[in-house]
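Me: I am new to this one. Could you take me through it step by step?
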Amino acid sequence: MIIGATGSGKSTLLKQFLPGLATGKVINGNLTKSVSNDKFAYVSQFVDNQIIMETPRDDLKFVLDNQGCTNNEIQLRITEVASFLGIIELLDKKITNLSGGQKQLINLAGALVLKPQVLLLDEPTAQLDPITSEKLLQMVRKVNQEFNMTIILVEHELEQAVQYANRLLVMEQGQILVDQPIEKGLQSIFDNLSYRNYLPQTDRLVLECNLLVDNRLPLDNRTLSRIVQQRKLDLEQVKYNESFDPGKIIFQVKNLNYRFEFNGRNIIDNVSFNLQQGGSYCIVGPNGTGKTTLLKTITQQLKKQSGKILFDGHKLKSDFSQHVFVLPQDPATIFMKDTVRAELNFQLEQNSSEYSLNEILDQFSLTKLVDTNPYDLSGGQQEFLALALGFIKNPEILFLDEPTKGLDPNKRYELGLMVKKFQKNGGTILTNSHDLLFAAEYFDRIAMMFDGKISEFTSPREFFCNKFFYTTEINKAVRDSFPMALTWKDIKKSES
Amino acid sequence: MNRLILFFQKNVNSITVFAYLLNIILVSLLYNNPFITITILISLLIISFLTRREKFFSYIGFSSVVFLVTVLFNLILNQRGTHNLLMIGFLKITMESLGNSLILGLSFVNLLWSFYIYDSFARTKVIFEVLSRLFKSIAIIFILTLKFIPEIIQTFTETRELRKFRVNIFETKGFKKIQQTIDLTEIILDKAVAKFMNVSDTLILKGYEKQHQRMGKIFFKRIDYWTLTLIVGSFILDFWFAVTKTGQINFGSANLMIGFNHKIFMIMIINSVLILLPLLIGGINYQWWKFYISKTTVSNTITAKSYR
């Protein structure tokens, strides 16, 4: 498993194994492989870009046709891989009707059907919700265990995948900083302050509270639960303050409905909620439940079919877009210029901002990338550039769609601080996110969306502590001892 | 999609589907005798409705507009004829010009509906397999285009919408508006190139550049031989009718003659059968299954029972 900061070179390293995809030029050193190039298969984070044909069966056949397989072999290989991954019923469905998780399983099938010896996975769960991600990773583990296949997994965080990995590599500015077996690797990360945020919440808790005796890292939730129960008297819940005192209602949505087809189901189904000035709101929920469509509808990117949307007590007018900023799921969509400098200067000019270019570059860690084309930035860097544009605008409401996608834990922490700072200055934020930890740590109110319907916004503790499956790992692990704990920070060693 | 048509689509190979689609386009182009074009239109509408119902009514609207516009334009451009019906200023409408206009409108509409069916039936893989057998480089351009065009449309829509949140002043007229449109186009092209590269990477991963042999080994079953025989037979007949100008009228003439004889009737029947072929083949097989196979299959499974 390879982790590292956004833009540290993880994906570039991974692609060196595949000459057809390798970018840049090797300036020195050699890459020695004991298996031929065609024994490497690759799955990227871009779920939709990897499927060419209209159905999974056609796509798998396309791959095998290119390999020159006979019809009999094609049939057998598709049968094998579909049975193994449990996707038989998906084979003849249209790709457009599949969820993100199902599409990523098809992409995995497309790689496995080649019978590789090494499987390269570049952030395969980046666009998936936590439960779907876990299912995919379990499948990857099955491949690893049953076929003894080597898996090289690039990830931004360790939280889920760490349970399945044997070795941990940390990359920093193109260099390998750590290359150790997983247990030692986790300890090394803990010892290095700049990487502590990468640790899974469960391991971070035991290391921070010094609870580890004879257990081996990484810890699963059951082990952590046992340790915490045994040491309950030595621990205490950190006092928390969930006071929420925002201003007037600034944005109202009443009985909103939206569907894509005349007789189709309502993607947004009678949704109503209010946003109060200075509040931060997060909508969580699995893939494909209508979160992005809701965001697009309330920001007038899609035309609502019925319902009311009020901004500052009035119907939305043409100048609504001047008061708000939208960060879409693919941040590159909002770029308009050739360089990072030009993008930032354009926004500073548009909003007659008091900030200087250098201040912004420094705040968003973009100084070294000032002359880079925005499309050449890594996923996380693009996300940060897009966020910089939003914060320069200093809108009244900031709408963010999956803002932590592609961000490493340190960058996610920085984003959390920016959200808080923006809020402190009177700004209001509405976010869609799969990232439950981010939602729990930085937002005042959380709601869940499913089947086009949205639950009431409640405080993070009220929201997560009532959930059984859809909650943070710490809450799952220690709910018997500390039911209100959501992150490792919520539990500390007792001072008495 | 209707289950009888789905049966056809699932049980014939890509060559047969392609031949069927080419033939219905050809049939829509060849004839302009209104008896034939109306029969063809009815058959096309039946298949279209059964194939892709969800877009049928919006396409009816679209094709009606095209029909009306074609008729109106032709009434203005071709005012020949001696049997006056109406005079409005410079516009003289005669029996002949109205006939010509309606015939042209019908022909256009038939062509539109044949492409509607083509769009409903043609799967990427069908076209790709056929193309790659003949022109490999065209096949790759086809597949890239097919992935690429919807991406560009999506990029255009998203960029136009999201630009509102970054730009404060939108010019509404004059040179500055043109400049803004040019800027938007440039932005979209930049983004499109990035997306194009993603598709290209995917093709590399799927091994297209090292393709060992011709794509898609196509196997012919009895149903393919029968269907292709019917299609080729009707193609030969259509070709012969076209050479002998049967089924065609003296379109555009001031002396419009619309005839009907046994040959016209034959063309109507042949072409209707050909267009309705998926429905007929599906229907025959369904009846065969329902009244013979399912009754002779000794099975107590719920599926077999429900078929009986």
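The conversation below covers chain B, the interface and parts of chain A.

Me: What kind of model is this, and how are residues and chains labelled?
Reply: This is a predicted model, in which local features need pLDDT of at least 70 and side-chain atom pairs count only at pLDDT 80 or more, while totals for chains, interfaces and linings use all residues. Residues are numbered from 1 along each chain as its sequence is written, chains are lettered from A and ligands numbered from 1 in the order in which they are written, and side-chain values use heavy atoms, with hydrogens and water left out.

Me: How many helices and strands does chain B have?
Reply: Chain B has twelve helices and two strands; these are DSSP runs, numbered from the N terminus, with helices (H or I) of at least four residues and strands (E) of at least two. From the N terminus, the order is α-α-α-α-β-β-α-α-α-α-α-α-α-α.

Me: And how much of chain B is buried?
Reply: Of its 308 residues, 45% count as buried, meaning under 20% relative accessible area with a 1.4 Å probe and protein chains only as cover.

Me: How do H2(B) and H10(B) pack?
Reply: Helix H2 (residues 14-30) and helix H10 (residues 262-275) of chain B pack at about 145 degrees, with axes 10 Å apart. Axes are lines fitted to C-alpha atoms over the stretch in contact, and angles run from 0 to 180 degrees between N-to-C directions.

Me: Which residues meet there?
Reply: From H2(B), Tyr20(B), Asn23(B), Ile24(B) and Val27(B) meet Asn271(B), Leu274(B) and Ile275(B) of H10(B), where contact means heavy atoms within 4.5 Å. Five of these residues are nonpolar, two are polar and none is charged.

Me: Changing topic, what area do chain A and chain B bury between them?
Reply: The two chains bury about 4,300 Å², 53% of it on carbon and sulfur atoms; this is the accessible area (1.4 Å probe) that two parts lose on being put together, summed over both. In contact are 51 residues of chain A and 40 residues of chain B.

Me: Which residues of chain A lose the most area?
Reply: They are Ile52(A), Asn66(A) and Met336(A), together 15% of what that side buries.

Me: Why does Gln201(A) count as buried?
Reply: Gln201(A) counts as buried because its relative accessibility is 8%. Gln201(A) lies in helix H7 (residues 201-208) of chain A. Beyond neighbours within four places in sequence, Gln201(A) touches Glu159(A), Leu437(A), Ile474(A), Thr487(A) and Trp488(A).

Me: Which residues are buried in H8 of chain A?
Reply: In helix H8 (residues 221-230), Thr223(A), Leu224(A), Ser225(A), Ile227(A) and Val228(A) are buried. Their cover includes H7, strand E7 (235-237) and helix H17 (473-478) of chain A.

Terms used
Ala, Val, Leu, Ile, Met, Phe, Trp, Tyr, Cys and Pro count as nonpolar, Asp, Glu, Lys and Arg as charged, and the others, Gly among them, as polar. Buried means under 20% relative accessible area, exposed over 50%, partly exposed in between (1.4 Å probe, protein chains only).
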